[in-house]
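Dear colleague,

Please find below a structure that I am handing over to you for your records.

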Amino acid sequence: MKFSLRKLASILFLVCGALLVGSTVAGHKMNDNDLELAVDNAEIVESGRYWFARRCAFCHGGDGIGGKGPCLTCGKFTYSANTNTDIMTTISIGIPRNRGGSMGAFGTTMPAEAIIAVVTFMRAEEARRIEAGEIPDPYAHKEEAMVFPE
Ligand code: HEC
């Protein structure tokens, strides 16, 4: 194999680039086992916004603030445990009558990438709304100060 400085340089460049991207993307996950969503990846968030507007906003309101269906950008999920994985399951299989719901399943009419993008968009919008003070921070657990007896 002929050694090429140019090839080596381009490989180094790629590796450094990948490391840089990997370290700057802030993911969102609720616990160690949850699927991490790239909420800082504008391309994925925008794709999610697009799908949300087409398939979900009709019932869940523009930007997911709620309507006929509940708010999906308020940090609270009563039908799904508040993990990305559970929310994606809800979207895929819907909320059938025996779970007390009426929302249809999207798993067969939306590609998996689109469902992941939709939840990424929901989480990015949730973070934006918390930051903007539009909704109270649902994750700010106020812990009582511990008082030890003398
Ligand atoms: C035809 C109306 C309708 C459409 C369209 C719809 N939903 Fe729903 N969704 C509901 C209703 C109503 C509920 C509340 C539970 C129920 O009655 O089924 C719900 C509940 C949910 C929940 C559970 C919320 C919780 O508190 O745990 C999620 C997540 C959800 N929807 C996501 C979506 C997404 C994402 C889309 C688009 C891909 C979508 N829904 C499209 C009506 C809809």
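Asp 63 counts as partly exposed because its relative accessibility is 34%, where partly exposed lies between buried (under 20% relative accessible area) and exposed (over 50%), computed with a 1.4 Å probe on protein chains only. This is a predicted model, in which local features need pLDDT of at least 70 and side-chain atom pairs count only at pLDDT 80 or more, while totals for chains, interfaces and linings use all residues. Residues are numbered from 1 along each chain as its sequence is written, and side-chain values use heavy atoms, with hydrogens and water left out.

The side chain of Asp 63 meets that of Arg 49 in a salt bridge of 3.8 Å, N to O, the term denoting a side-chain nitrogen of Lys or Arg within 4 Å of a carboxyl oxygen of Asp or Glu. This pair links distant parts of the chain, 14 residues apart: Arg 49 belongs to helix H2, and Asp 63 to the loop between helix H3 (57-60) and helix H4 (84-93). Helices here are DSSP runs (H or I, at least four residues), numbered from the N terminus.

Arg 49 also forms a salt bridge with Glu 46, with the closest N and O atoms 3.1 Å apart. Both residues lie in helix H2 (residues 42-55), three residues apart, or about one turn of the helix. Arg 49 is partly exposed at 30% relative accessibility, as is Glu 46 at 41%.

In total, the search of the whole structure finds seven salt bridges.

Yours sincerely

Definitions and conventions: Helices (H or I, at least four residues) and strands (E, at least two) are DSSP runs, numbered from the N terminus.
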